[in-house]
Amino acid sequence: SRSQKLEMRPVALSSLLLGMRELLERTLGSRVRVNLDLDARVANVLGDQTQIELAILNLAINARDAMPEGGELAIGTGSYRAAGTAELPSGDYIELTVSDTGSGMPPEIISRAFDPFFTTKGVGKGTGLGLSQVYAMARQAGGLARIQSAPGRGTAISILLPCTDDQVEVADEDVAAATAHVNAATILIIDDDHDVRRFLADSLNSFGYAVLQAEDGPRGLEALREFSPQLAIVDYAMPGMTGAEVARAIRDKDPDFPIIFASGYAETSALESFAENSVLLRKPFRLQELQDAVRQALTPTMTA
């Protein structure tokens, strides 16, 4: 749960949640009902919008996994006044709560749930970093995260974020709405992480694009030959065949084919020399940044 570089700005939390609703419904599937209970009176919060989005998505996916037979995911907001403790300074906060009707957790699991790399999922089904990153984000923003749960009674995870009277500088688009002037396009996602592929696919679907998915480079190149997509989003760090090798194979066939590299900050320097004529999308990214990157990459293709 190491410190992350947060871009602290005013965030309109209610607007953000409304914009994510369709994405959450697509991600969680038809067995999970998504209910929003948003307090219209709450102020803006001070935080990093990218990390807040990722935290909400992380919590929603965990909730879905705790409800294999289906259930209800409730997301609520409300005002919270802290009297002042060692963990939480006195002041006004917004409480964001994500709760489910799943299996719940016993006390011994709750006590370790925010620990880095702790997970109750099977091998290959989770890194154990999700909840620790949620906790780290809340603490770095000047707030707190906490858990209420019991076996058979579901789980509620609350994130307390400080209020701010500052206004949001630029209102983001509703990222879950269909884009007004998007031309139809098919996008190929090549990424070895199942959750990342699903997140990207659901986001791109909500923007109005058709999506193909491949879990590694060879399968991605096969899908490229068979289905002829207009754009590829390629993870840079993949086992077996790296994103650079995948891109090189694509460009050998079509030097002008548009590619978006999805890369972590640590990989940026290795990519800079190779990513010429490509779009670089640095992880973690906001949904609006994904949409903008896709538009930028597709513009030459769509206007040709």
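The axes of helices α1 and α2 come within 11 Å and cross at roughly 40 degrees, the axes being lines fitted to C-alpha atoms over the stretch in contact, with angles running from 0 to 180 degrees between N-to-C directions. This is a predicted model, in which local features need pLDDT of at least 70 and side-chain atom pairs count only at pLDDT 80 or more, while totals for chains, interfaces and linings use all residues. Residues are numbered from 1 along each chain as its sequence is written, and side-chain values use heavy atoms, with hydrogens and water left out.

α1 passes α2 in a right-handed crossing; a crossing is right-handed if the near helix is turned clockwise from the far one by less than a right angle, and left-handed if anticlockwise. On the α1 side, the contact (heavy atoms within 4.5 Å) is made by Leu13, Leu16, Leu17, Met20, Leu24, Thr27 and Leu28. The α2 side contributes Gln49, Ile52, Glu53, Ile56, Leu57, Ala60, Ile61 and Arg64. Eleven of the residues in this contact are nonpolar, two are polar and two are charged. Here Ala, Val, Leu, Ile, Met, Phe, Trp, Tyr, Cys and Pro count as nonpolar, Asp, Glu, Lys and Arg as charged, and the others, Gly among them, as polar.

Glutamate 53 is found in helix α2, which spans residues 49-65. Its relative accessibility is 7%, so glutamate 53 counts as buried (under 20% relative accessible area; exposed is over 50% and partly exposed in between, with a 1.4 Å probe and protein chains only). Leaving aside residues up to four places away in sequence, glutamate 53 touches Leu16, Met20, Arg286 and Leu287.

Helix α1 (residues 13-28) also packs on helix α5 (residues 194-206), at an angle of about 130 degrees and with the axes 9 Å apart. The angle therefore makes α1 oblique to α5; angles under 35 degrees count as roughly parallel, over 145 as roughly antiparallel, 65 to 115 as roughly perpendicular and the rest as oblique. The crossing of α1 and α5 is right-handed. From α1, Leu23, Arg26 and Thr27 take part in the contact, and from α5, Arg198, Phe199, Asp202, Ser203, Asn205 and Ser206. The residues of this contact comprise two nonpolar, four polar and three charged.

A further pair is formed by α6 and helix α7 (residues 243-253), whose axes come within 10 Å and cross at roughly 25 degrees. That angle makes α6 roughly parallel to α7, and the crossing of the two is right-handed. Gly217, Leu221 and Leu224 of α6 meet Val246, Ala249 and Ile250 of α7. Five residues of this contact are nonpolar, one is polar and none is charged.

The loop between α6 (217-227) and β10 (231-235) holds serine 228. Although not a glycine, serine 228 has a positive phi of about 50 degrees. With a relative accessible area of 48%, serine 228 is partly exposed.

Of the 304 residues, 48% are buried. Among contacts between residues at least 6 apart in sequence, 69% join residues at least 24 apart. The accessible surface comes to about 15,300 Å², of which 48% belongs to carbon and sulfur atoms, by the Shrake-Rupley method with a 1.4 Å probe.

How values were computed
Helices (H or I, at least four residues) and strands (E, at least two) are DSSP runs, numbered from the N terminus.
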